[in-house]
Amino acid sequence: AHALYHGLNYPLAYWRTASQIEVDFIIGDGETAIEIKGSQSVRDEHVRSLRAFRQEFKNCRAILVSLDPVIRKTMDNIEIMPYTEFLDELWKGTLTR
């Protein structure tokens, strides 16, 4: 919906390994990876798939969107973002590089 409403033509895909590790949304050619979780308290296990993706795409922006109310970053620079903040960034056009 975002791409259509804004007249953008960025590729949108998902990523999955042979061992079934997956990331929900990949924007562009691996520039941004987004994982969606319904958790109110993000734990280390929730970012496992984003870490796996980063082994292949080292310079990607990795974002975990959740119900967790606190914006923060992990030690390896994965962004934890409440869904409201994520939607604000998306519609403002500041989400992708």
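Guide: Arg72 counts as partly exposed, at 31% relative accessibility; on this scale, computed with a 1.4 Å probe on protein chains only, buried means under 20% relative accessible area, exposed over 50%, and partly exposed in between. The model is predicted, so local features need pLDDT of at least 70 and side-chain atom pairs count only at pLDDT 80 or more, while totals for chains, interfaces and linings use all residues. Residues are numbered from 1 along each chain as its sequence is written, and side-chain values use heavy atoms, with hydrogens and water left out.

Arg72 meets Asp68 in a salt bridge, 3.1 Å from N to O; the term requires a side-chain nitrogen of Lys or Arg within 4 Å of a carboxyl oxygen of Asp or Glu. Asp68 is buried, at 5% relative accessibility. The structure holds eight salt bridges. Another joins Asp44 to Arg51, with the closest N and O atoms 2.6 Å apart. Asp44 is exposed at 54%, and Arg51 is partly exposed at 25%. These two residues and Asp76 are linked in a network of salt bridges.

Arg61 pairs with Glu89, the closest N and O atoms being 3.0 Å apart. This pair links distant parts of the chain, since Arg61 lies in strand S4 and Glu89 in helix H3 (residues 83–92), 28 residues apart. Helices (H or I, at least four residues) and strands (E, at least two) are DSSP runs numbered from the N terminus. Arg61 is buried, with a relative accessible area of 14%.

S2 and S3 pair in the antiparallel sense, over three bridges, and Phe25 has Ile34 of S3 as its bridge partner. Their hairpin has four residues between the strands, and Gly28 takes a positive phi near 70° there. S3 (residues 32–36) is mostly covered, with four of its five residues buried.

In H2, the buried residues are Ser49, Leu50, Ala52, Phe53 and Arg54. Their cover includes strand S1 (12–16), S2, S3 and S4. Leu64 touches residues including Val42, Val47, Leu50 and Ile80, not counting those up to four places away in sequence; contact means heavy atoms within 4.5 Å.

A nonpolar core is a set of buried Ala, Val, Leu, Ile, Met, Phe, Trp, Tyr and Cys residues joined through side-chain atoms within 4.5 Å. The largest one has 15 residues, and Trp15, Val23, Ile26, Ala33, Leu50, Phe53 and Leu64 touch the most other members. S2 (22–27), H2 (48–56) and S4 (61–66) each supply at least two of its residues, and H2 gives the largest share, three. A second, separate core of eight residues includes Ile27, Ile34, Met81 and Leu90.

Methods: Pairing = 2+ DSSP bridges.
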